[in-house]
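Here is a short briefing on side-chain contacts.

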Amino acid sequence: MKILAIGRNYVNHAKELNNPVPEEPVVFSMPDSALLKNNNDFYFPDFSKDIHHEVEVVVKISRVGKNIPLEFAHRYYDEIGLGIDFTARDIQADCKKKGLPWEKAKAFDGAAPISKFISKDKFKDVNQLNFHLDINGTRVQTGNTSNMIFSIDYLISYLSKYFTLKIGDMIYTGTPEGVGPVKIGDRLVAELEGEEMMDFNIR
């Protein structure tokens, strides 16, 4: 399986990082070794001094698809979860300055904690999902999928032009504003529509 991730998919997040609001999705990929499952601890890597949290809605692809029309995109996923896109901001800044790809900053081992998945049928409208992230009991990020620049269905259709989507592939759909650093000893808890999805520690 592969992980396809979207950057700058919320206007206020793009602005908080002083990035332009994109006219088309900003796409990067992560290997399966980036996944961190079952609320396992995240170990702060020794190659960075500035790891930031980015909580995101994640969809899991349930059918093989290529060049998927927008009106049929909803048929290609059945489950929704939450993920954290941990970013080594110091490394990312260096990569950007040199015009290099971001993978070192975004796709390292354990950079993509993933929650359990819930049937999308449980939700009235996937384009109106509330989610948030708390660190040590303090709310740090709050999002709603209605504020995405590019909707879930649009992302599926768009990505399928370039990549054949396969069963089990995951799409990290972007993070709202409020990103910031984590430190050893932090406890992260994420909820989707009031249901706890993630609860893990930084070691």
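**Side-chain contacts in brief**

A network of salt bridges links Glu54, Asp85, Arg89 and Lys106. The model is predicted. In total, the structure holds 12 salt bridges. A search of the whole structure also finds nine aromatic pairs.

**Salt bridges**

- Side chains of opposite charge can pair when their charged atoms come close.
- Glu79 and Lys60 form a salt bridge, with 3.8 Å between the closest N and O atoms. Glu79 lies in strand β6 (residues 77-84) and Lys60 in strand β5 (residues 55-61), so this pair ties together parts 19 residues apart in sequence.
- Glu79 counts as partly exposed because its relative accessibility is 29%. Lys60 also counts as partly exposed, at 25% relative accessibility.
- Lys122 and Glu195 meet through their side chains in a salt bridge, 2.6 Å from N to O. Lys122 lies in the loop between β8 (112-119) and β9 (130-135), and Glu195 lies in strand β14 (residues 195-201), so the pair ties together parts that are 73 residues apart in sequence.
- Lys122 counts as exposed, at 54% relative accessibility. Glu195 is partly exposed, with a relative accessible area of 23%.
- Lys183 and Asp186 form a salt bridge through their side chains, at 3.0 Å from N to O. Asp186 has 3% relative accessibility, so Asp186 counts as buried.

**Aromatic pairs and cluster**

- A pair of aromatic rings is described by the distance of the centres and the angle of the planes.
- Nine aromatic pairs turn up in the search of the whole structure. In the pair of Phe150 and Tyr154, the ring centres are 5.5 Å apart and the planes are at 20°, so the pair is stacked.
- Phe150 counts as buried, at 8% relative accessibility. Tyr154 counts as partly exposed, at 31% relative accessibility.
- Tyr158 and Tyr162 form a tilted aromatic pair, 5.3 Å centre to centre with 55° between the planes. Both lie in helix α4 (residues 152-162), four residues apart, or about one turn of the helix.
- Tyr158 counts as buried because its relative accessibility is 8%.
- One aromatic cluster is formed by Phe42, Phe47, Phe86, Phe108 and Phe200.

**Charges over rings**

- Lys60 has its charged end over the ring of Phe117, 4.4 Å from the ring centre. Lys60 also forms the salt bridge with Glu79.
- Lys120 has its charged end over the ring of Tyr77, 4.0 Å from the ring centre.

Note on methods
Residues numbered from 1 in each chain as written. Predicted model: local features only at pLDDT ≥ 70, side-chain atom pairs only at ≥ 80, totals over all residues. Heavy atoms only, no water. Phe/Tyr/Trp six-rings, centres within 6.5 Å; stacked < 30°, edge-to-face > 60°. Buried < 20%, exposed > 50% of the residue type's maximum accessible area, 1.4 Å probe, protein only. Helix = DSSP H or I, 4+ residues; strand = E, 2+ residues; numbered from the N terminus. Lys NZ or Arg CZ within 6 Å of the ring centre and 35° of its normal. Salt bridge = Lys/Arg side-chain N within 4 Å of Asp/Glu carboxyl O.
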